[in-house]
Number of protein chains: 2
Amino acid sequence: MPTRPTHERNKGLALDRSLIARLPLFKGLTAAELDEMLRGARSVRYPKQSAVFEQEAEAHSFFVLLDGHIRVVRTTPEGHQVIVRYISEGEIFGVAAALGRTTYPASAIAAVDCVALVWPNALWSELSLRFPSFGANTYKTVGSRLQETHTRVVELSTEQVEQRVAHALLRLVNQTGQKTDQGIEIDFPISRQDIAEMTGTTLHTVSRLLSAWEERGLIVSGRQKVTVKDPHALVVLAEHRDRR
Amino acid sequence: MPTRPTHERNKGLALDRSLIARLPLFKGLTAAELDEMLRGARSVRYPKQSAVFEQEAEAHSFFVLLDGHIRVVRTTPEGHQVIVRYISEGEIFGVAAALGRTTYPASAIAAVDCVALVWPNALWSELSLRFPSFGANTYKTVGSRLQETHTRVVELSTEQVEQRVAHALLRLVNQTGQKTDQGIEIDFPISRQDIAEMTGTTLHTVSRLLSAWEERGLIVSGRQKVTVKDPHALVVLAEHRDRR
DNA sequence: GCAGGAATTTGCGCTGGCGCAAACTGGCTG
DNA sequence: CAGCCAGTTTGCGCCAGCGCAAATTCCTGC
């Protein structure tokens, strides 16, 4: 059950720099600089299924995910949902304001219980000027997201559903895969519906595909859970030229 | 016939700041600062159908389009082409390096004879530091392209072909429409195939749709030419909820 | 003015994947 | 521990849009 987002503020305690020192985003900053970055932040817990921010809402903050997984979702006026991406540990997100927007273009939903650092947007220009490598890293992240999104456009334009779903699974596994005795498992709850919303198809079709793949021993899956047993076979499927 | 790209260098003459003073990208810069920006640039002419840069090639420069229209195209290993976007007058493009890439992720092809300013990438960090508003404007551009691309993902995921083509036409008309006595014309040559590559369908389907729309008086079209007579009707088509 | 070729149109048959509907399952709640 | 419900599976029929093919039109270069 989605309990209400409990914005438990860090109660006056200084955040420890070890929280972020290991993140590539902050590479090159000295201990003192990390402390300075953290001085502007607070740490917030987001229970599973709660919204970190909502589409169209005033963009007041940007975020760095310390723990958990976040689903970024765009909803159309007609009520269709499309999953824009998943955010994993260590990534920056909600940077709308740094890109000249005043509202968030999508919603961010905690896929599991999450912890994030939150900075008010007012600090963005100050921080990115004071720590140019932080600014540059953020823009690089934006750049690679643009590339990924273009890749998705290409996939949606040229591939069959089966290839798209295979690609999506492989991407999730590479991004967040946890080794288990069965194979590599996507380490957050993900439904057939979610996969459908990532690939532009329906949960029915995803269900049929996963069933067929399970039959053939490529994966094992359960409720909101997918484990890839034979990634190579999936790659073959994903790359398999269609007849267009 | 695509003649060879003729990189006619500006022969030692200083570029006039009036070339770029009116562009939003350079808003806020003084006359002296504009001159300084231009000192690092050269002006190059690209004949129709020539490549400004090629996908996978080493990213050596970034560009500002002074005149013409440029088609940005991604080609898949299987040989499918997807049009990523059209660049119009005044826009910056080829900023791969500023986003941490060493190669161009797509090709840029002159849709008509074009003129662009070209800066070596080596100057990027210097220029964006010296003229922060220029850097910020560029990143805003990247941000809005990311949003547009997400919108395209949503369209590809949730809309029927007819809606997608209608949306694409409306976007082209808004971006580059020229008023004529017939209606609003897309002011560069665009084929059915091009429209198909923008919307993830085939030239046959696009042809059928345009024929039907012409029949109904919404557009008039010819070879590589589309004129929208009734934008409102197209909007209705584009927004028309499908049955999903 | 004519030949050649690129762009477009149109017909036809087929099918991938969707919509709809119903049944089933596993985990959580009271 | 019974019941409920979200998530999943599966069958069935249909159709939007693709592949293929052929005809036609318009533009360009000679």
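Predicted model: local features only at pLDDT ≥ 70, side-chain atom pairs only at ≥ 80, totals over all residues.

Contact here means heavy atoms within 4.5 Å.

The domain assignment gives domain 1 as residues 18-149 and domain 2 as residues 159-239 of chain A. The C-alpha centres of these two domains of chain A lie 27 Å apart. To their contact, domain 1 of chain A supplies 11 residues and domain 2 of chain A supplies 10 residues.

An unreviewed UniProt entry places the feature "domain: Cyclic nucleotide-binding" at residues 25-114 of chain A. That span is 10% helix and 41% strand, and its end C-alpha atoms lie 19 Å apart. The annotation "domain: HTH crp-type", likewise taken from an unreviewed UniProt entry, covers residues 159-232 of chain A. Over residues 159-232 of chain A, the chain is 53% helix and 19% strand, with the end C-alpha atoms 19 Å apart.

Attention now turns to helix packing. Two packed helices are described by the angle between their axes and the distance between the axes. Within chain A, helix H5 (residues 161-176) packs with helix H6 (residues 192-199) at an angle of about 110 degrees, and their axes are 10 Å apart. Angles of 65 to 115 degrees count as roughly perpendicular; H5(A) and H6(A) are therefore roughly perpendicular to each other. On the H5(A) side, A:Arg164, A:Val165, A:Ala168, A:Leu169 and A:Leu172 meet A:Ile195, A:Met198 and A:Thr199 of H6(A). Classified by residue type, this contact of H5(A) with H6(A) has 6 nonpolar, 1 polar and 1 charged residues.

A further helix pair joins the two chains. Helix H4 (residues 132-158) of chain A and helix H3 (residues 132-158) of chain B pack with their axes 9 Å apart, at an angle of about 25 degrees. Because of that angle, H4(A) is roughly parallel to H3(B). The crossing in which H4(A) passes H3(B) is left-handed. Among the residues of H4(A) in this contact are A:Tyr139, A:Val142, A:Leu146, A:Val153 and A:Leu156, while those of H3(B) include B:Tyr139, B:Val142, B:Leu146, B:Val153 and B:Leu156. Also taking part are A:Arg145 and A:Arg152 from H4(A), and B:Arg145 and B:Arg152 from H3(B). The residues of the contact of H4(A) with H3(B) comprise 10 nonpolar, 6 polar and 4 charged.

Methods: Residues numbered from 1 in each chain as written. Chains lettered and ligands numbered in written order. Heavy atoms only, no water. Axes fitted to C-alpha atoms, helices over the stretch in contact; angles between N-to-C directions. Helix = DSSP H or I, 4+ residues; strand = E, 2+ residues; numbered from the N terminus. Parallel < 35°, antiparallel > 145°, perpendicular 65-115°, else oblique. Left-handed = near helix turned anticlockwise from the far one by under 90°. Nonpolar A, V, L, I, M, F, W, Y, C, P; charged D, E, K, R; others polar. UniProt positions renumbered as here; feature names shortened; annotations may be inferred. Domains from an automatic or database assignment.
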